[in-house]
Amino acid sequence: MLHLHIALTVLDHAAVFVFAATGALAAARRQHDIVTFFFFAAITGVGGGTLRDLLMGAPVFWVQRPEYLVTCLVAAAAIWILGGGTFRERILIWLDALGLSAYSVMGAAKALTFGLSPVTAIVMGVLTATFGGVIRDVLDHQESVLLRREIYVTAALAGSVVFVALMLLHVQSTIAGAAGFTAALGLRSIAILYGASLPSFRSRADAPPPN
Amino acid sequence: MLHLHIALTVLDHAAVFVFAATGALAAARRQHDIVTFFFFAAITGVGGGTLRDLLMGAPVFWVQRPEYLVTCLVAAAAIWILGGGTFRERILIWLDALGLSAYSVMGAAKALTFGLSPVTAIVMGVLTATFGGVIRDVLDHQESVLLRREIYVTAALAGSVVFVALMLLHVQSTIAGAAGFTAALGLRSIAILYGASLPSFRSRADAPPPN
Amino acid sequence: MLHLHIALTVLDHAAVFVFAATGALAAARRQHDIVTFFFFAAITGVGGGTLRDLLMGAPVFWVQRPEYLVTCLVAAAAIWILGGGTFRERILIWLDALGLSAYSVMGAAKALTFGLSPVTAIVMGVLTATFGGVIRDVLDHQESVLLRREIYVTAALAGSVVFVALMLLHVQSTIAGAAGFTAALGLRSIAILYGASLPSFRSRADAPPPN
C-alpha cells in the first residue's frame, strides 16, 4: 500500500499541474489578469479531485495540504511566462489528455483505498478525470468538452477499468496504474489525432443536432 | 418509519430512473456516443439527491449502493434502444415532471428522517427536485429549465409543502407522499398543458428582458 | 473569540442579504415568478458560504439555522417591492461589491476558527466571496462575472489577505475584519468607477479574444 500511496501522491501533483495549466490556458485566451489567471488554474487543477473527495465523504485533499495550491501557482506561472502563442489550443488539448489519464487512475485508486466497491471506484475515476475540464468550461462559459463528439469520457472509463481490473487481479499497484494511464492516454490520443469516435445515438426520425 | 423507508426507496429509484432518462434524451439530442450517453444519464439521475446529501452531511446515497447506477444504466439503455424520435422533447418534459414530483417528496422526506426542521426539509425537497435538471442543462450548455417563465420551482415547492404539512399532521407517510407527489405533478401538468404561470416581476421602468 | 463570533454572524447575514438581493435582481431581469425569484435569491445568498462549508467539512451553515433563509426571503421581498427600475444594473453591481467584500473576510475568518492554515484561509475567503456570483451567473446562463476583465477576484484576495495578515499580527478581530472589508470594497470600487484592471495576459502571437 505504501507504493500505491507514493504513486498516488506523484500522480496527484502531476494531474493537478496539467489541469491547472489547462485552466491557465483558458484564462490566457480570455486575457485575464494575473489573479484571475491563478484562480482559473487552481479551480481547474483541484476541481475533479475535490468532487471525488466530497462524494466519498473524505477530507478535501488540498484543504489540509496547501502544497497543492503551490503546484497550481507554478503551473499558472509557467503558462504566464511561456505563453501559448499559436499552439495554445493544441497544448491545452494534450495537457488535458494527460490530466484526464492520470486522474482516471488516481480517482479510482483513492476510492479503492477508501474501501469502495470496484464499480463505484470506476465511477469515481471517471468523475475525477472529467470534472476538472467540465468546471473549467462552465466557468469559461464555453461548451463543455463533454459535448464534442469525441472519445473523452470513454478514455477515462478505459483508464479506470484497466486499473481496477488489474488491482482485483493482484497486479502490483504501480504497474496497474501505469497500464490504466496508458490505456486512457492511448485512446484519447487516437481520438485527438484521428478524430475517432464511438457509434453515436441516431434515432430514425432525427432532426439534425442543434448548432 | 418502515413504511416511509420502503416508499422512499421505491420513489428514489423511480426518480433516479426518470431523471436519468431525461439526461439520456438530452444526450440523444447531441448524438453522443454510448459512454457519454450513460454519463449524462447518471449525472442527471443522481445529481439532485447528491446535492441534498452533501448539504445534509449525509453519506451520498449512491456511493455505497451501486444499484442506483444500474438504474441509470437501464434508463439510458431504454432510451438508446427506444429512441425518442419526433416526440423526444415531449417525452423529456413529462419524464422531468415525474422526476420533479417524486424528488420534491423524497428530498423532504430524507431531510425529515435526519431530524431537520420542516422549513429546511421543504427547501431540501425543492433543491433535490430541481437540481438534477439544472445540472443536466448546465452540462448541456442549454438555458436552465429554471429560466423558462413556467411553473417549475413552484410545483416542487407545492409537493414539498403538502408532504411536510401532512407529516406534521401525523398523516400516514405513504398517503402524505402520494398527496405531495400528486400536488407537484398536478401543478406542473397544468403548466405544461396550458402554459400557466404565476405573476412575474415587472418593474415600472422596465426594459424588455435580454434575448 | 466571542467578538469574532458576533462579527461573523452579523457579516454573515449582511453578506447573505446583499448576495440574495443580487440574485433577486438577476431574476427580475428575467421577469421570473415570485417562487423562482426567491429561489434565485436563496441560492445566490447562501451559495458561496455553502461551498466554503462543504470544502472545510463543516456543517453547512444554513441547514441547521433556517433564519438565513428568512434573510434571503426578506432580501427577495425588498427587491420585489422596490424593484430595480433603470438603476437595476448599477444597484446589482454595488450590492455584489458589498457582498464580495463581506464574504472575503468572513470566509477567511471561519476557516481560521476551524484551525486551517493562513494560506488555506485566504483561498476560502476568495472562494466564498466569488462563488455566490458565479453560481448566480451560471444558473442565469450569463457570462460569469469572473470573465469580465475587471478587478474582481483580486478585490476578494486583497480583503482576505489584509484580514488574515492582521489576525496573524494579533490585531483585534473586529478591526482586522473592518480593514479587510475596506480593502476589498475600496479596490472593487476603483474597478467599478474607473474601470481599472491589472496587467492581463498577452502572448506575442495572439489572436483577438473570442467574442
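So, the crossing of H2(C) and H5(C): it's right-handed, a label that applies when the near helix is turned clockwise from the far one by less than a right angle, with anticlockwise giving left-handed. Helices here are DSSP runs of H or I with at least four residues, strands are runs of E with at least two, and both are numbered from the N terminus. H2(C) covers residues 34–56 and H5(C) residues 118–139, and their axes come within 8 Å and cross at roughly 140°. Those axes are lines fitted to C-alpha atoms, for helices over the stretch in contact, and angles between N-to-C directions run from 0 to 180 degrees. H2(C) and H5(C) are therefore oblique to each other; under 35 degrees would be roughly parallel, over 145 roughly antiparallel, 65 to 115 roughly perpendicular, and oblique is the rest.

Before I go on, this is a predicted model, where local features need pLDDT of at least 70, side-chain atom pairs count only at pLDDT 80 or more, and totals for chains, interfaces and linings use all residues. Residues are numbered from 1 along each chain as its sequence is written, while chains are lettered from A and ligands numbered from 1 in the order in which they are written.

Back to that pair. On the H2(C) side, the contact residues include Phe40(C), Ile43(C) and Leu51(C), and on the H5(C) side they include Met124(C), Leu127(C) and Phe131(C). Contact means C-beta atoms, placed from the backbone, within 7 Å. The contact splits into 11 nonpolar, seven polar and two charged residues.

Now a contact between chains. H6 of chain A, residues 153–168, packs against H2 of chain B, residues 34–56, at about 90°, with the axes 8 Å apart. So H6(A) and H2(B) are roughly perpendicular. Val153(A), Thr154(A) and Leu157(A) meet Val35(B), Thr36(B) and Phe39(B).

Chain A as a whole has seven helices and zero strands. Of its 211 residues, 55% count as buried, meaning 20 or more other C-beta atoms, placed from the backbone, within 10 Å of their own; 12 or fewer is exposed, and in between is partly exposed. Take H7(A), residues 173–194: its 22 residues should span 32 Å at 1.5 Å a residue, and the end C-alpha atoms are 31 Å apart, so that agrees. The expected span is 1.5 Å times one less than the number of residues. Buried residues in H7(A) include Phe181(A), Leu185(A) and Arg188(A). Just after H7(A), Gly195(A) has a positive phi of about 60°.

Last stop, a loop. His170(B) sits between H6 and H7 of chain B, and its phi is near 65°, positive although the residue isn't glycine. Is His170(B) buried or exposed? Exposed, because it has 8 C-beta neighbours inside 10 Å. In chain C, His170(C) is in the loop between H6 and H7, with phi near 60°.

Terms used. Two residues are in contact if their C-beta atoms, placed from the backbone, lie within 7 Å. Ala, Val, Leu, Ile, Met, Phe, Trp, Tyr, Cys and Pro count as nonpolar, Asp, Glu, Lys and Arg as charged, and the others, Gly among them, as polar.
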